[in-house]
Amino acid sequence: MTEVKWKRLPLNSNYAVAYAVKDCDVDVVAAYPITPQTTVVEKISEFIANGELDAEMIHVESEHSALSAVVGAAAVGARVFTATASQGLELMHEILHIASGLRLPVVMTIAARALSAPISIWCDYGDVMNTRDTSWITLIASSAQEVYDTVIQAFKIAEDPRVLLPVMVAYDGYLMSHTYEPVYVAEDPTPIREFVPKNPKSRIVLDPEKPVTMGPIARPEWYYEIKYQQVEAMKRAYDVVKEVDAEFGKRFGRSYGVIETYKLEDADVAVLTYGGIFGTLREAIDAMRSSGLKVGGIRLRLFRPFPYREIVDAVKHLKLLIVADRAISYGARIAGPVAMEIMSVLYRESEKPEVMSVAVGIGQRTVTEQDFVELVKLGLKFLEEKRVPNETIYWGVRGVTYG
Amino acid sequence: MPRTEIRWHGRGGQGAVTAAIIVAQAAIFEGKYAQAYPEFGAERRGAPVCAYSRVSDEPIYTRAPITKPDVVVVLDPTLSKDIYMKGLKSGGLLLINTKKSVDEVKKMVGRDDIKVATVDATSIALQTLGAPIVNTAMVGALVKVLPIVKLESVEKAISENFSGRIAEANIQAVRKAYESVVW
């Protein structure tokens, strides 16, 4: 094993992605530019142009084609990458199912951005949450360092013969994609490449010597079993995600778990969220703790497969769990996509907190430490008066008041 | 060093976002923790632009915008003071690109609980770069008044962002502003 040497660079999360793609020696990249993802691909192009990455960059006319191109390349055994956001991810939607149904280890990053209409170039997780049922493993990072580390982990997870599913790594558009912060990247990619060795022989690929057909029609006699294999693969992925993260930690000294907790052990109330604003929550918790409130935080890092065991364990001692979602499922009573998941996993538990669902940061409506302080205050008031709402609270929206 | 929060105000084309990034880069090169990001949206030439830098010896977690800055840097004196003075802490620093004197600026903003520093960054930029792109001059002035990062780290960051003659000219702008800022 080659000893790893790190260099500490000022990078934003888009550049952190590009460094990870380079260090994983990706073979084929196809992408179409969309704000706020564009600089991911610009940086990768630079690495290819200056010889640091030996990859084929396919310029395509749409995101639908971008994902189609990497699906084709993955089918012949190449290590592939693409990136997008918002409407681009929507345009890919049809092919999302093809990539997972064909069991191709595609890795894609999403600089999470609100959906049109009206047009918003700013951050929320409406795009990511819309991919819930596409059978992609979905990880959400909260720092540029974690973005770099998670993209590396993603290739190892996706290509694991027990999994063979595509992996999506999401992070906040703008709030992370364009924020510079210190990131340790490998000085020489060799140790990273040893951690994610290429092994196309471990899966079935298109090969004229050993011809196979991929994606033929499946009649009612077989379709169901093939889809059930995806169900099983997702179950195995739950363990593989943890295993790869632990192995990464052992090798490189950084690991994240499937959820992250902050000052949770003795907390009565906790806020759960995902992505970059967990950092803001952390600082809000420090402030609330110093005024004597027993508040903790939970960050969801893995969305699919959903880490139900860790969640159930983490929250059972709480009186109140506030789930701050960054997307809306229109028409649902509990309209926070993650709040819905949490309520469903807690339903059969005997020890569980009250759950309050809140929408925050929609279209990048500002979320500050003070917002979390006020949310906790409101939640505790509802709890005390035994009237925690059965529907989502739309935090900060004009024209509606809660209390 | 406690956390220092800096808010940059300029107009599209003056390089406020790059200035915020250069300060963060310089701090990270020195092994400090730092963060820089733009207030996104109006990225049109001439439109008011705002960007943030945080510098600290400790890790920085928050991603909230800076509403109570320790430092406000104004690249364009024609911006409304109501925009840039908002939330500036008592005892904080206002660094402004102007030909006016420190006393004149203090009178204009109507605050006597802050430190004011002035630099004629437009003249410096026209002289060194041949264009009124004042960002690097403002960074030079800032690190003189408030030495949160070393001059050579700023110059290293500039070499990362620009190359050749443009890097040279920007380093000149930094040095001239470093020498001529008054407070």
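Two strands pair if DSSP finds at least two bridges between them. The views below come from a predicted model.

**View 1. Two parallel strands pair in chain A.** Strand 2 of chain A covers residues 28-31, and strand 3 of chain A covers residues 56-59. They are joined by 4 bridges. One bridge links A:A30 to A:I58 in strand 3 of chain A.

**View 2. An open sheet of 6 strands in chain B.** The strand order is 2-3-1-4-5-6, and the pairing is mixed. Strand 2 (33-39) and strand 6 (115-119) of chain B are the edge strands, each pairing on one side only. From one strand to the next, the twist averages 15 degrees.

**View 3. The strand 5 and strand 6 side of the chain B sheet.** Strand 5 of chain B, residues 93-97, runs parallel to strand 6 of chain B. The two share 5 bridges. B:L95 sits opposite B:A117 of strand 6. In a regular strand, side chains alternate between the two faces of the sheet. Helix 3 of chain B, residues 102-109, lies across strands 5 and 6 of chain B. This helix runs at about 125 degrees to strand 6 of chain B.

**View 4. Helix 1 of chain B on the sheet.** Helix 1 spans residues 16-29 of chain B. It lies across strand 1 (4-11), strand 2 and strand 3 (48-56) of chain B. Its angle to strand 3 of chain B is about 10 degrees.

**View 5. The largest pocket, lined by elements of chains A and B.** Its volume is about 1,000 Å³. The lining holds 36 residues; closest to the pocket centre are A:Y15, A:Y180, B:T18, B:I21 and B:N161. Chain A elements giving two or more residues are strand 1 (6-11), helix 1 (13-23) and helix 2. From chain B, helix 1 and helix 6 (151-161) do likewise. Helix 1 of chain B gives the largest share, 6 residues. By type, the lining has 16 nonpolar, 11 polar and 9 charged residues.

**View 6. The second largest pocket, with about 690 Å³ of space.** Its lining has 21 residues. Those closest to the centre are A:G101, A:L102, A:R103, A:G215 and A:I226. Helix 5 (93-101) and helix 9 (223-252) of chain A each supply at least two lining residues. Helix 9 of chain A provides the largest share, 5 residues. The lining divides into 12 nonpolar, 6 polar and 3 charged residues.

Definitions and conventions
Residues are numbered from 1 along each chain as its sequence is written. Chains are lettered from A and ligands numbered from 1 in the order in which they are written. This is a predicted model: local features need pLDDT of at least 70, side-chain atom pairs count only at pLDDT 80 or more; totals for chains, interfaces and linings use all residues. Side-chain values use heavy atoms; hydrogens and water are left out. Axes are lines fitted to C-alpha atoms, for helices over the stretch in contact, and angles run from 0 to 180 degrees between N-to-C directions. Contact means heavy atoms within 4.5 Å. On a 1 Å grid over the protein atoms alone, a cavity is a set of points where a 1.4 Å probe fits but cannot get out, and a pocket is an open set with protein on both sides within 12 Å along at least five of seven lines; lining residues have an atom within 4 Å of a point. Grid points are joined across faces, edges and corners, and a volume is the space filled by probe spheres set on the points. Ala, Val, Leu, Ile, Met, Phe, Trp, Tyr, Cys and Pro count as nonpolar, Asp, Glu, Lys and Arg as charged, and the others, Gly among them, as polar.
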